[in-house]
Amino acid sequence: MNTTRFTPADAAELYGIPNWSSGYFRVSDKGKVEVTPAPGLSATLHDIIDELVERGESMPMILRFPQVISARVKQLNEAFRTAIREYEYEGSYQGVFPIKVNQRRMVVETIAEAGYVYAHGLEAGSKAELALCLAQNMNPEALLCCNGFKDDGFIKLALWGRSLGKNVVITLEKFSELDRVLRISRELGIKPALGARFKLHARGSGQWEESGGDQAKFGLNASELLQVVERLKQEDMLDSLVMLHTHIGSQITDIRRIKVAVREATQVYSDIVDEGVKLKYLNVGGGLGVDYDGSKTTFYASMNYTLQEYASDIVYTVQEVCKSNQVASPVIVSESGRALTAHHAVLIMPVIDVTGPTRGSQIVPEPSEDQHQIVKDLEEILAGINARNYREMYNDAVGDKETLHNLFDLGYLTLRDRARGEALFNAILKKLAKLVQDLPYVPDELEDLPKTLADKYICNFSLFQSLPDNWAIQALFPITPISRLNERPTRQATLVDITCDSDGKIEKFIDLRDVKATLPLHEVSGDTYYLGIFLMGAYQDVLGSAHNLFGKVNEAHLTVRPGGKHTIDLFVRGQKARRIIESMGYEEAMLRESIRVQAERARAVGELTDADITELEEDYDEELLGYTYLEYEE
Ligand SMILES: *Cc1c(COP(=O)(O)O)cnc(C)c1O
């Protein structure tokens with residue numbers, strides 16, 4: 001047992017908080033996680049949760065901090081301004097936020113508002129997204145880029161947007177879209193502003209590498225791009241083409257890939273300008289990463305560059321290529337989504353139970369009279385295991401347990417012997433856990449041991465609703481207890497959710513080197529133990545699905561005030577069971593009617609009284625109107 005004092009600084013290091021938080025989260029002297037949206041402003045997550053629980057709100061819950069989004073918008077724009085000043089770049093920068101990353105009203109409105117002074121715009125990838133964007137109050141200079149495949153309706157909306165005074169640019173994703181745009185533009189009598197998405201041969205790095213390169217889903221190749229120019233010339237509409245657009249994928253981990261892509265994009269830009277096109281904007285797409293594990297490496301959950309390096313390298317590369325080609329410097333556009341929104345949201349979930357092979361006093365059933373040899377073998381291992389032989393003994397035990405189950409399946413072992421065998425195996429693990437606890441390292445052949453020994457902390461949430469990328473593409477997110485960070489965590493755990501799906505678990509955790517199989521956590525005692533999942537504000541709650549009919553979770557939008565205070569600006573209740581059942585094609589009235597008819601039948605045979613039926617119907621109603629997650633009295 002390590003008995004030296006465990007401080008909040010130790011906890012910050014253990015969970016890597018300063019590495020991944022970009023300064024928006026820290027551990028207080030009291031061992032609690034604080035959100036720090038700006039210098040001098042902080043609020044304690046646990047206090048916010050206590051207040052909401054006191055009000056009767058249920059877990060799990062997402063806490064959103066719009067101030068963090070505003071800070072990110074500012075930081076991105078200021079980084080480009082700094083680079084532009086430093087290199088005396090003659091163009092400017094104007095970002096757009098691709099709303100597919102998080103279309104939530106608060107998110108889009110906060111970005112539009114914080115971005116107003118920077119003429120930071122929006123990007124829509126579908127008709128519905130465009131309809132939403134058109135209704136936003138934007139700086140008239142700000143871009144509204146329309147990406148994605150388009151039909152007539154999409155193009156009409158985009159053109160109407162121009163007559164509403166918005167700087168809408170229609171990105172041509174494939175060649176045939178040009179004719180469609182030209183036709184509709186003639187019909188409506190509205191001149192389009194066009195962008196052309198170019199398929200760079202450069203590729204990204206990390207998980208979305210396939211978004212770039214010749215096989216990419218979207219974009220024109222070199223010859224198609226030249227055909228677009230020709231066609232516009234014929235139509236005498238060359239001045240409609242204002243933007244060259246590129247995108248090599250999300251979460252680019254390696255800055256070198258960005259530089260290579262921007263160089264290629266700027267070469268294409270220069271050549272198109274040489275063809276006589278008055279391009280204005282060079283759009284370098286998304287891909288600005290988020291350092292989820294804080295390792296500052298090219299690992300898929302990380303990035304080997306800072307926001308400032310990203311801006312500087314882009315500005316420098318564009319400038320260099322434009323200079324050598326003697327082409328005027330474009331307005332640089334980036335479509336950063338993940339980097340603007342990831343930090344603002346934290347999912348808070350309570351641990352509702354703990355299980356695991358080494359937990360509690362597991363009762364070993366008494367031996368039967370004619371106990372099987374395999375059970376006796378396990379008894380011997382348990383009695384004989386020590387610090388010198390534990391590797392061999394562990395391997396023997398694993399083999400014996402497998403044999404135990406085979407024998408049972410074939411009918412050679414009683415349930416009583418099986419129960420005793422399994423309990424002995426767990427007792428062996430428990431003893432082993434004590435033995436390896438103080439070892440400096442665990443031998444390679446026992447690599448799975450920490451995971452085998454780990455507790456399972458059952459958390460009141462659905463991975464499929466709240467963290468779909470962890471399930472679908474093994475994305476990593478930082479997870480920490482939100483309090484007790486002045487206390488040494490003594491357990492190693494994996495997390496499981498409350499869905500009935502065995503995939504609903506988290507068994508990979510951030511680490512500076514590769515990933516960890518377990519998360520250090522505290523022993524759960526009297527008070528509710530809350531875990532926070534951080535950096536989940538990009539893509540997660542939009543992609544989430546209602547597996548097992550666990551619906552959208554409750555969320556609180558908060559502003560942090562001076563003096564460690566905060567205000568709850570808005571509380572958005574999660575989906576009620578009724579809504580989510582209805583989304584599957586049922587009608588509420590139909591459900592109630594079915595219950596009523598069955599209750600009548602039960603009354604007819606004397607199973608229920610009138611009072612019973614009233615109570616049953618009340619309980620049924622309460623669940624229809626209730627939260628889909630587990631609700632325990634705190
Ligand atoms: C999804 C997408 C983005 C957003 O990328 P991030 O990596 O989240 O910044 C930008 N541009 C296009 C074309 C996209 O499809």
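The paragraphs below go from the chain as a whole to its salt bridges and then to a charged patch on its surface.

In this predicted model, the protein chain contains 22 helices and 23 strands, and its C-alpha atoms fill a box of roughly 95 × 70 × 60 Å along the principal axes. Of the 634 residues, 53% are buried, and among contacts with a separation of 6 or more, 77% are between residues 24 or more positions apart. The accessible surface comes to about 28900 Å², with 49% of it belonging to carbon and sulfur atoms.

The chain carries 69 positive and 94 negative charges, whose mean positions are 5 Å apart, and the count of salt bridges comes to 38. One of these joins arginine 359 to glutamate 523, at 2.5 Å from N to O; the pair links distant parts of the chain, since arginine 359 lies in the loop between strand S13 and helix H13, while glutamate 523 lies in the loop between strand S20 and strand S21, 164 residues apart. Helix H13 also holds glutamate 379, which pairs with arginine 420 of helix H15, so that parts 41 residues apart in sequence are tied together. Arg64, Arg104, Asp541 and Glu555 are linked in a network of salt bridges.

Towards the end of the numbering, arginine 592 in helix H21 and aspartate 621 in helix H22 are 29 residues apart, and their side chains meet in a salt bridge of 1.8 Å, N to O.

Terms used. Residues numbered from 1 in each chain as written. Predicted model: local features only at pLDDT ≥ 70, side-chain atom pairs only at ≥ 80, totals over all residues. Heavy atoms only, no water. Helix = DSSP H or I, 4+ residues; strand = E, 2+ residues; numbered from the N terminus. Buried < 20%, exposed > 50% of the residue type's maximum accessible area, 1.4 Å probe, protein only. Contact = heavy atoms within 4.5 Å. Areas by Shrake-Rupley, 256 points an atom, 1.4 Å probe, with all protein chains shown as cover. Lys, Arg positive; Asp, Glu negative; His and termini not counted. Charge placed at Lys NZ, Arg CZ, Asp CG, Glu CD. Salt bridge = Lys/Arg side-chain N within 4 Å of Asp/Glu carboxyl O.
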